Amino acid sequence: MAPRPSWRGYLKLSLVTCPVAMLPATSEAEKVRFHTLNRATGNRVHARYVHARYVDAETGKPVDDQDQVKGYEREDGEYVMLEDEELDAVALESTRTIDIDCFVPADSIGWIWYDTPHYLVPDDKVGEEAFSFIREAMVKSNTRAISRVVLYHRERAVLLEPRDKGMVLWTLRYGDEVRDEAEYFKGIKGKPDPKEKKLLSSLIAEHTQDWSPRLATDPVQQALLSMVEAKQKRAGRSTSKSAGAKGGNVIDLMAVLKKSLEGGLPQRG
């Protein structure tokens with residue numbers, strides 16, 4: 001199932017405007033900045049899926065929608081309650097408009113500035129032509145668009161990158177978040193001689209392959225899932241062996257983990 005848009009608004013370039021929708025490009029959930037509280041008690045509100053209701057975490061009593069409020073947790077564990085009207089009051093113009101400020105050469109922004117990707121798509125048929133116009137203008141000029149937009153109650157600098165028939169919107173890291181690499185790399189020395197460079201080139205060529213998502217899999221996660229599955233099967237299997245055999249489960253599960261790790265790494269070459 002395709003994820004729901006996390007943001008809806010407008011993409012604007014001078015007088016060209018079109019409605020767009022932003023969808024998460026990764027499966028990792030966004031960081032939660034606010035908790036939902038019971039306005040009456042100040043306690044956290046949790047979802048109770050058995051009854052499809054939200055309840056007070058301390059009392060267990062249901063909390064109606066009108067009694068729920070956003071809360072910012074302080075260092076001392078206390079919460080500052082914020083009403084929706086108060087959050088809306090600090091919203092900037094960029095809350096609902098991606099107004100392009102300028103364009104930059106496609107290769108002029110270093111990878112370290114890229115933060116979180118989102119897919120940007122037209123939000124209705126009427127706006128597809130304007131959306132395509134902006135996208136193709138960037139393709140032809142080999143540029144990327146820089147703008148600002150409010151996400152999660154903070155204004156972020158963003159970069160728009162044409163991709164296939166849509167765009168990728170990257171949030172950019174704040175200026176004070178990126179450290180100067182020169183401070184870390186200035187003490188590194190060493191330069192290979194021509195023979196070593198030739199050998200290294202051959203070695204790289206031998207191990208070069210096309211990119212595939214399988215190269216970024218997590219073999220440890222796969223091994224842990226295999227362990228869980230093996231343990232579930234063992235728990236459900238009837239056996240005449242003594243349940244108190246010391247160390248039996250540990251040896252078997254470790255064998256499963258080792259086998260999974262050996263088989264989970266991507267094959268190279």
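Predicted model: local features only at pLDDT ≥ 70, side-chain atom pairs only at ≥ 80, totals over all residues.
Student: How do you know that the span of helix 2 is close to the expected one?

Tutor: The expected span is 1.5 Å times one less than the number of residues. Helix 2 has 14 residues, for which 20 Å is expected, and the distance from its first C-alpha to its last is 20 Å.

Student: What makes the buried residues of helix 2 line one face?

Tutor: The buried residues of helix 2 are Ala 130, Phe 131, Ile 134, Arg 135 and Met 138; buried means under 20% relative accessible area, exposed over 50%, and partly exposed in between (1.4 Å probe, protein chains only). Down the helix axis these residues fall within an arc of 135°, so they line one face; the arc is that of the directions from the axis to the C-beta atoms. The exposed residues Glu 129 and Lys 140 are on the face turned away from the buried side.

Student: Which residues touch the most other members of the largest nonpolar core?

Tutor: They are Leu 11, Val 20, Ile 98, Leu 120, Leu 160 and Met 167, in a core of 20 residues. Helix 2 gives the largest share of this core, four residues. The set is called a nonpolar core because that term covers buried Ala, Val, Leu, Ile, Met, Phe, Trp, Tyr and Cys residues joined through side-chain atoms within 4.5 Å. A second, separate core of nine residues includes Val 104, Ile 109, Trp 170 and Leu 172.

Student: Why is strand 13 called largely enclosed?

Tutor: Seven of the seven residues of strand 13 are buried, so the rest of the structure largely encloses this strand. Gly 166, Val 168, Trp 170 and Leu 172 point one way, Met 167, Leu 169 and Thr 171 the other way, and all are buried.

Student: How do you know that strand 12 and strand 13 pair?

Tutor: Two strands pair if DSSP finds at least two bridges between them. Strand 12 and strand 13 have six, in the antiparallel sense, and therefore meet that criterion. Leu 160 has Leu 169 of strand 13 as its bridge partner. The two strands form a hairpin with two residues between them, and Asp 164 in the turn has a positive phi of about 55°. Strand 10 also runs antiparallel to strand 13, joined to that strand by five bridges.

Student: Why is Pro 117 called buried?

Tutor: Its relative accessibility is 14%, so Pro 117 falls in the buried class. Pro 117 lies in strand 10 and stands opposite Trp 170 in strand 13.

Student: What makes His 118 count as buried?

Tutor: The relative accessibility of His 118 is 1%, and His 118 is therefore buried. This residue is also found in strand 10 (residues 114-122).

Technical notes: Residues numbered from 1 in each chain as written. Heavy atoms only, no water.
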